[in-house]
Amino acid sequence: MFINFKKKSKNNRTQTSQNLHFFIDGKKFEFELIYKKRKTFTIKIDSSGCIKILAPTFLKNSEVVKLVEQKAAWISRKSAELKNKKTVEKKFVNDEEFLFLGQKYSLEIIETQLFDDVKLSENKFFLYATHEKSEEILKNWYKQKAGEIIFNRIEYYKKILNVEPNLIKIKDQKTRWGSCNFKKNLNFNWRIIMAPLELVDYLVVHELSHLLHLNHSQNFWNTVAEVLPDYKNRRLHLKKIGHLLAWK
């Protein structure tokens, strides 16, 4: 959530960070306040429930707290939602279930020191590795598959959008599904490969559209909609299942 300020006040300050708090129905909420040279006031709540406020340097502490209190209902609701959407804690033991392209597969570990490998057959992940290396091997397999599938989908959609990205990277990110910068470099979170292919496609089209509009303006969303008319449903679906596409 962000609020845009078109006019600056005379109260300027250097960049700084501090911890403050406010109350909602008697419950104390602590947040980290970070002043930056920016025009927008942004409230961020991460998956652990930590609240971070990014504010323009010209705002006073009292003005920030007042703005936060005005958004108290939203903060309380989002905090409650995140509390109910905790990251799944996976155990690397036989019969534990893992997602791949939206389908559930049970894990079967075949312990060996001779080689490391992952094979997908019917409804099972066959993981050939020592127990100590099982998580690392499976994660590397996911990253490899994410690269293969995402690169393939980029090749398809870049022709429709008539764009050409520069560098494409598959990254291990905790809070972002993807990103695009002014150098036309695209980053993708490997965990998206656990989601159904239509959500992978949504993310690919989303980031490729940033090559035309490096913002989330209406023009940006219009571009996404031209390629994926149902993008709103896909976006909502990703938000709903996002907490399932990871393990601690």
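Author: What follows is a tour of helix α3 and its surroundings.

A word on the basis before we start: this is a predicted model, in which local features need pLDDT of at least 70, side-chain atom pairs count only at pLDDT 80 or more, and totals for chains, interfaces and linings use all residues. Residues are numbered from 1 along each chain as its sequence is written, and side-chain values use heavy atoms, with hydrogens and water left out.

Let's begin with the helix partner. Helix α3 covers residues 134-161 and helix α4 residues 197-209; helices (H or I, at least four residues) and strands (E, at least two) are DSSP runs, numbered from the N terminus. Their axes come within 9 Å and cross at roughly 55°. Axes here are lines fitted to C-alpha atoms, for helices over the stretch in contact, and angles run from 0 to 180 degrees between N-to-C directions. The two helices are therefore oblique to each other (under 35 degrees counts as roughly parallel, over 145 as roughly antiparallel, 65 to 115 as roughly perpendicular, and the rest as oblique). From α3, the contact (heavy atoms within 4.5 Å) draws on Ile149, Ile150, Arg153, Ile154, Tyr157, Lys158 and Leu161. From α4 come Leu197, Val200, Asp201, Val204, Val205, Leu208 and Ser209. These contact residues divide into 10 nonpolar, one polar and three charged; Ala, Val, Leu, Ile, Met, Phe, Trp, Tyr, Cys and Pro count as nonpolar, Asp, Glu, Lys and Arg as charged, and the others, Gly among them, as polar.

Next, the four-stranded sheet. This open sheet has the order β6-β7-β9-β8, with mixed pairing; two strands pair if DSSP finds at least two bridges between them. Its edge strands are β6 (97-100) and β8 (117-121), each pairing on one side only. On average, neighbouring strands in this sheet are turned by 35° against each other, direction ignored. Helix α3 packs on the sheet and touches β6, β7, β8 and β9 (124-128), with its direction at about 15° to that of β6.

Within the sheet, β6 and β7 (residues 103-110) run antiparallel and are joined by four bridges. The two strands form a hairpin with two residues between them, and Leu101 in the turn has a positive phi of about 50°. Across this pair, Glu97 faces Ser106, and Phe98 stands opposite Tyr105. On to the next pair: β7 and β9 run parallel, joined by five bridges, with Ile109 opposite Leu127.

Now the three-stranded sheet. This open sheet is ordered β10-β12-β11, again with mixed pairing. At the edges stand β10 (168-171) and β11 (178-180), each with a single partner strand, so one side of each is left without a neighbour in the sheet. Its neighbouring strands are turned by 15° against each other on average, direction ignored. Strand β11 joins β12 (residues 186-189) through three bridges, running antiparallel, and Ser179 stands opposite Asn187.

Here our helix comes back into view: α3 lies across β10 and β12, at about 145° to β10.
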